[in-house]
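User: I am new to this structure and would like to learn how to read its features one at a time. Please give the general idea before each case.

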Amino acid sequence: MAKLKGKIALLLALILSVSFHSYGNEEERTNRDTVSALVITPTNPLYKSISTLSGEKIVSMIDSLLELENIPIGLIKEINDYAENQLLKHDFYNSLTNYYENSAIPSNSTYGKWDTRNISPYNESITKNDTSLVLTLTDKKNNCNFIAPLQDPVVTSNFGWRHGRNHNGIDLDLQVWDPVRASFDGMVRISLYHPGYGRVVVIRHYNGLETLYAHLHRLKVKAGDIIEAGQVIGLGGNSGQSTGSHLHYEIRYKGKPLNPKHLISFKKNELLSDSLLLTKQKWNYSILPLGLKYHTIQRGDFMFKIANRYGLTVNELCEINGIRRNKVLIVGRKLRIK
Ligand SMILES: [Zn+2]
């Protein structure tokens, strides 16, 4: 408990330091675009206490924070981002996922199980030996592409902690009857009515991912159907536990939810890159799209400066990284720039 109190004190100190910075920095005050861009430099006394923690320590710190009654969600996200970064330093590519296998069932050797009744049938044993792996998303040679689930997606709720619980997907606005399309080639594993998800389709893909489409009005496929990317698998709706018609869209790997925004730009309705580096964390996988360019945050950087350098607006920079304009910039961390 004393340990936990110490951690909370550190975190509170971080919050205080951050709010102090936001009012104390002349540079940030003079430029509208950088009003809330904050930097923790190596000279900040807090920098050391955070940067010397190992990924595992940070993860366990997040764990203990999650047990609190009032969870500082923004802070958890910050620390989580940092933990992912720390863990990525120890990358080693220990497996390359094959796109196709010698089985009628997609990614059969990865899962070893085909369950058409349970949406989440996998246990921890299938992930326990994972460290880092590269996942191929598309295979243009064989015409296996990505198609966005909706034509003009408007994100209404993001992945992550929402209202005190985990939102394992992303919500996209739609009108009832709008066609919903399969993201990649694959086979339908689930097509049924579920009390929470409503009419829901889960597709297993050849690239190892599973995608889930919930709250549908009509199901257009059945378990076992072989699907091509872009095929209409259902019509959008409001079934199950849903307020207002929308698509709840999940991307999973071995049963663990991935942040769809780390794979897909919903603004452009296309993949961020053709392959991903997945790194196993305590309870999920972090994602690094491969082949993208990154900017390493330097001392004296602020949002507008970084965006401007790469010909982006601050809004574009935030969109690419899935961050808010008031993101705390920590020296040494990486921002995606295209
Ligand atoms: Zn949702």
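Analyst: A place to begin is His215, which lies in strand E11, residues 209-216 (strands are DSSP runs marked E of at least two residues, numbered from the N terminus). This is a predicted model, where local features need pLDDT of at least 70, side-chain atom pairs count only at pLDDT 80 or more, and totals for chains, interfaces and linings use all residues. Residues are numbered from 1 along each chain as its sequence is written, and side-chain values use heavy atoms, with hydrogens and water left out.

User: What is the phi of His215?

Analyst: Most residues other than glycine have a negative phi. His215 has a positive phi of about 65 degrees and is not a glycine. Asn269 is another such case, with a positive phi near 55 degrees; Asn269 sits in the loop between strand E17 (264-265) and strand E18 (270-271).

User: Is His215 buried or exposed?

Analyst: Buried means under 20% relative accessible area, exposed over 50%, and partly exposed in between, with a 1.4 Å probe and protein chains only. His215 is at 5% relative accessibility, so it counts as buried.

User: Which residues are the protein donors of the zinc ion?

Analyst: Donors are N, O and S atoms within 2.8 Å of the metal (3.2 Å for Na, K and Ca); water is not among the atoms, so sites may look incomplete. Here the protein donors are His167 through NE2, Asp171 through OD and His248 through ND1, at 1.9 to 2.1 Å from the zinc ion. Their spacing in sequence is H-x3-D-x76-H. His167 counts as buried because its relative accessibility is 13%, and Asp171 counts as buried because its value is 12%.

User: How should I read strand E19, and why is it called largely enclosed?

Analyst: In a regular strand the side chains alternate between the two faces of the sheet. Six of the six residues of E19 (residues 275-280) are buried, so the rest of the structure largely encloses this strand. Ser275, Leu277 and Thr279 are buried on one side, and Leu276, Leu278 and Lys280 are buried on the other.

User: Which strands pair with E19?

Analyst: Two strands pair if DSSP finds at least two bridges between them. Strand E3 (residues 132-136) pairs with E19 in the antiparallel sense over five bridges, with Ser132 opposite Thr279. Strand E20 (residues 285-289) also pairs with E19 in the antiparallel sense over five bridges, and there Ile287 is the bridge partner of Leu278. E19 and E20 form a hairpin with four residues between them.

User: How many aromatic pairs are there?

Analyst: Rings of Phe, Tyr and Trp (its six-membered ring) pair if their centres lie within 6.5 Å; planes under 30 degrees apart count as stacked, over 60 as edge-to-face and the rest as tilted. The count by this rule is four. One of them joins Phe146 and Phe184, with ring centres 5.5 Å apart and planes at 55 degrees, so the pair is tilted. Phe146 is in the loop between E3 and strand E4 (155-157) and Phe184 in the loop between strand E8 (179-181) and strand E9 (186-194), so the pair ties together parts 38 residues apart in sequence. Phe146 is buried at 12% relative accessible area, and Phe184 is buried at 1%. Another pair is Tyr253 and Tyr285, with centres 5.2 Å apart and planes at 80 degrees, so it is edge-to-face. Tyr253 lies in strand E15 and Tyr285 in strand E20, so this pair ties together parts 32 residues apart in sequence. Both Tyr253 and Tyr285 are buried.
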